[in-house]
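The points below are grouped by topic.

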Amino acid sequence: MSYVDEVLELVKQKNASEPEFLQAVTEVLNSLRPVVEANEELYRKNAILERITEPDRQIMFRVPWVDDKGQVQVNRGFRVQFNNAIGPYKGGLRLHPSVNLGIIKFLGFEQIFKNSLTSLPIGGGKGGSDFDPKGKSDREIMAFCQSFMTELSKYIGADVDVPAGDIGTGAREIGFMFGQYKRIKGMFEGVLTGKGLTYGGSLARTEATGYGLLYLTEELIKCHGESMEGKTVVVSGAGNVAIYATQKAQQMGAKVVTCSDSTGWIYDPEGIDVALLKEVKEVKRARLTEYAAARPSAQYHEGRGVWQIKCDIALPCATQNELLLDDAKQLVANGCKCVCEGANMPTTIDATEYLQANGVWFVGGKAANAGGVATSALEMSQNSERLSWSFEEVDAKLKGIMVNIYHNIDDAAKRYGMEGNYVAGANIAGFEKVVNAMLAQGVC
């Protein structure tokens, strides 16, 4: 049995109840086979694959808080510090009812390679809670965030682990958490990213993941002799990533015709009105039915269905496993040329393989959505220097990072005889840097 297969069996035995984590590890290790086979003796002797698939630590804790009726509620908090071979742990805090240890481990594992791809000195981690911020008052959100940070503060720090926002964790939540950390520790340090601009946040952080997705997509299209101008784009999601991906795509001359949330989706043949979408989602925090009610050209549909719309480019920006095999078949049948992931692992493995087998240019999330964590690392740099860069400076650095990521994953795929396989290229390019650091630092 090959070294990769041995480790896959071991991971399955140890983590049998964590399907998302197993899916991520299986996808990554299978794509790394050529690299591992070329270095099998060295990697096996140093247990590289066992070490990289086992988190440094998994922290799980109780989060008690009091709701507006005076009732005590209890949630479960998580922080998985996966690998710090190239820098402090870095990764978001997800607040969503679906959160469990397996999902946090999957996200933290992916984060190792994503962070490595940015070329910035940040390791991989992730955290969150099964708390649902939807429908909660600001006071309830604050009560939860303060309780959550009271425990989390024991394990994080500017040079140890620097969490950020994620699904359910925006500027409001980061602000409450930062205030509590400062109160407990008695110091002002860059321990969280995604902070408000008045207390150490970075310009362009809000836009970064969506903008970065489009900078990489544009470079991919350009290197295949095409332009974004005039392309029809379908986007899933209606959160931060989807909104700013839509905005940047339309600035580049493309037309984005869809968005979606947990209850339904919009098809707007005249192009999504970004200002209206922001009003509905960022200000009112409402459902997309309100977008459809205010926009005569928009059609609202219950459930899921954005991938049935004819397009040139598809950008899944919602959540994991939202683009299934049947969706991939529909995209191919409709002539879609390019799929780039704005969310974390939104495309199932069989759908990914189908898209690749049918000539679709496919770039996975660990490369395509790395703009968010890259700009978080730029926020860390600004905090360390006690400086604030202009929007244009941060945006220019972001674009440079995303263009470099595309070329690095393209080159890595070519080096191992897998030209055009950007999933393998991303895993290889991210893996090589981390492994070299692990080998240099000995057994730790």
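In this predicted model, the chain of 444 residues has a radius of gyration of 21 Å, which agrees with the value near 22 Å that a compact globule of 444 residues would have. The C-alpha trace spans about 65 × 55 × 45 Å along its principal axes. The secondary structure comprises 18 helices and 13 strands.

**Overall packing and surface**

- Of the 444 residues in the chain, 58% are buried.
- Considering contacts between residues at least 6 apart in sequence, 72% join residues at least 24 apart.
- The chain exposes about 17300 Å², and carbon and sulfur atoms supply 49% of this area.
- There are 47 positive and 54 negative side chains in the chain. The centres of these two sets lie 4 Å apart.

**The five-stranded sheet**

- Five strands form an open sheet with parallel pairing, in the order β7-β6-β11-β12-β13.
- The edges of this sheet are β7 (255-256) and β13 (361-363), each of which pairs on one side only.
- Strand β6 (residues 232-236) runs parallel to β7, and two bridges join them.
- V233 has V256 in β7 as its bridge partner.

**Strands β3 and β5**

- Strand β3 (residues 89-95) is joined to β5 by four bridges, and the two run parallel.
- The bridge partner of G91 in β5 is P163.
- Side chains in a regular strand alternate between the two faces of the sheet.
- In strand β5 (residues 161-164), D161 and P163 point one way, whereas V162 and A164 point the other way.
- D161, V162, P163 and A164 are all buried, that is, each has a relative accessible area under 20%.

- E54 is located in the loop between α5 (48-52) and β1 (57-66).
- The relative accessible area of E54 is 33%; because this value lies between the 20% limit for buried and the 50% limit for exposed residues, E54 is classed as partly exposed.
- Apart from neighbours within four places in sequence, E54 is in contact with K14 and F82.
- Q81 lies 27 residues from E54 in sequence, and their C-alpha atoms are 9.9 Å apart in space.

Notes:
Residues numbered from 1 in each chain as written. Predicted model: local features only at pLDDT ≥ 70, side-chain atom pairs only at ≥ 80, totals over all residues. Heavy atoms only, no water. Rg over C-alpha atoms; globule rule 2.2 N^0.38 Å. Buried < 20%, exposed > 50% of the residue type's maximum accessible area, 1.4 Å probe, protein only. Contact = heavy atoms within 4.5 Å. Areas by Shrake-Rupley, 256 points an atom, 1.4 Å probe, with all protein chains shown as cover. Lys, Arg positive; Asp, Glu negative; His and termini not counted. Charge placed at Lys NZ, Arg CZ, Asp CG, Glu CD. Pairing = 2+ DSSP bridges.
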